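Biologist: Please show me the sequence and the structure, and then let us discuss them.

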Amino acid sequence: MTYILGIESSCDETAAAVVINGKTIASNVVASQIDLHAKYGGVFPELASRAHVEAISTVVDQAIHDAAITYDKLDAIAVTRGPGLVGSLLVGLNYAKGLALAANKPLLGINHLEGHIYSLWLTEQHREIVFPVLVLIVSGGHTELLLMTDHGQYERLGSTLDDAAGEAFDKVGRLLGLPFPGGPSIERAAINGNPEAHAFPRPKRDATYDFSFSGLKTAVMREATVMPSAEARRSRGAEKKAQLRSGISVSDVAASFQAALVETLVEKTARAAESYEVTEILMAGGVSANQALRQALRKEANLPVRYPPLNLCTDNGAMIAAAGHYRMLAGLESDWDMEVVPMWPLTNDAYENV
Ligand code: KG4
Ligand code: ZN
């Protein structure tokens, strides 16, 4: 049995977990900074790194405690090395280095996107995952369509050319005056809305597997908001930002936006799954929590679709530990001089090129 401690701090969650054999979660602790960033309507990088510094030792100790083990029981320490916010990544990596040195354990620097993928291995499997599989990663920072032919083997089929899917949710949420993060808020607002109320564009409907969501965001802004008049903007104390058009239904806009985004993701994913003859589709990342997306993908794809349980869709340490397990099996060695990699595409030789 291998015990791996996974540490994650790439964005706004300080998280740690212990995973046994790359599969069984012995503990999973997540300290979210959502409340801290909510008043800014987005993640504030400087505040994020400070909050990681404050939380990390408590979170990691708690993960060890909850797993009812001690540090010497660990076989390795896995930590997110990138992609992500540089200051946030540094906190996790430096902490993990210190722990690994002190406890004399191997250190594994993990790609956060690979972590999201391995959240799919953390559930009790009725069926083993058989390669090749198609992977759709939809998170706050990334939208990636990958062909995964074996553990650690990825062919990048497409990705977003501008905003990530989660980023689009967050920006539209802010536009509509909904609480941060926008994804869950829009999903909630959309329940009572009419997805056909507004005909938003289905962006980048072409033969590629790339995505583009910034035009969709602009279309929502044009349809749902108005800028205050030049006169109002000049006057003291007046609201200077775009405001919701009067009479507009937030629920209808949310539902119509969500429908446009979901349809684009699903169309390309289903088409890629067919052309690459995969056994199934794996979806991971924060946006994979979205029920409309899950339903549409299940309906449109002629293949089984797998997504993580809700608590493993957003950032967590368990997924990093699980990815670490497979990297350790593949012989990834400790490099005590390793540095953070804020931009780090997931490819076959991801780990060789940094
Ligand atoms: O994977 P994640 O925790 O962080 C990154 O690696 O970026 O994803 C966070 C993103 C946010 O943009 C959030 O709005 C989105 O996931 N999200 C959702 C839902 N839950 C979280 N988007 C749509 N529907 C949801 N239910
Ligand atoms: Zn993430």
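Modeller: Contact here means heavy atoms within 4.5 Å. The structure is a predicted model, in which local features need pLDDT of at least 70 and side-chain atom pairs count only at pLDDT 80 or more, while totals for chains, interfaces and linings use all residues. Residues are numbered from 1 along each chain as its sequence is written, chains are lettered from A and ligands numbered from 1 in the order in which they are written, and side-chain values use heavy atoms, leaving out hydrogens and water.

Biologist: Which residues does Ile137 touch, not counting residues up to four places away in sequence?

Modeller: Ile137 belongs to strand S6, residues 133–138; strands (E, at least two residues) and helices (H or I, at least four) are DSSP runs numbered from the N terminus. With residues up to four places away in sequence set aside, Ile137 touches Leu113, Ile117, His142, Thr143, Glu144, Leu146 and Ala284.

Biologist: Is Ile137 buried or exposed?

Modeller: Buried means under 20% relative accessible area, exposed over 50%, and partly exposed in between, with a 1.4 Å probe and protein chains only. Because its relative accessibility is 0%, Ile137 counts as buried.

Biologist: Which residues does Ser88 touch, not counting residues up to four places away in sequence?

Modeller: Ser88 lies in helix H3, residues 86–103. Its relative accessibility is 0%, so Ser88 counts as buried. Beyond residues up to four places away in sequence, it touches Ser9, Ser10, Cys11, Ala48, Ser49 and His52.

Biologist: How is H7 oriented relative to H9, roughly parallel or roughly antiparallel?

Modeller: Axes are lines fitted to C-alpha atoms, for helices over the stretch in contact, and angles run from 0 to 180 degrees between N-to-C directions. The axes of H7 (residues 214–224) and H9 (residues 250–275) come within 11 Å and cross at roughly 160°. Angles under 35 degrees count as roughly parallel, over 145 as roughly antiparallel, 65 to 115 as roughly perpendicular and the rest as oblique. Therefore H7 is, relative to H9, roughly antiparallel.

Biologist: Which residues make the contact of H7 and H9?

Modeller: On H7 the contact is made by Leu216, Val220 and Ala224, and on H9 by Val253, Phe257, Ala260 and Leu261.
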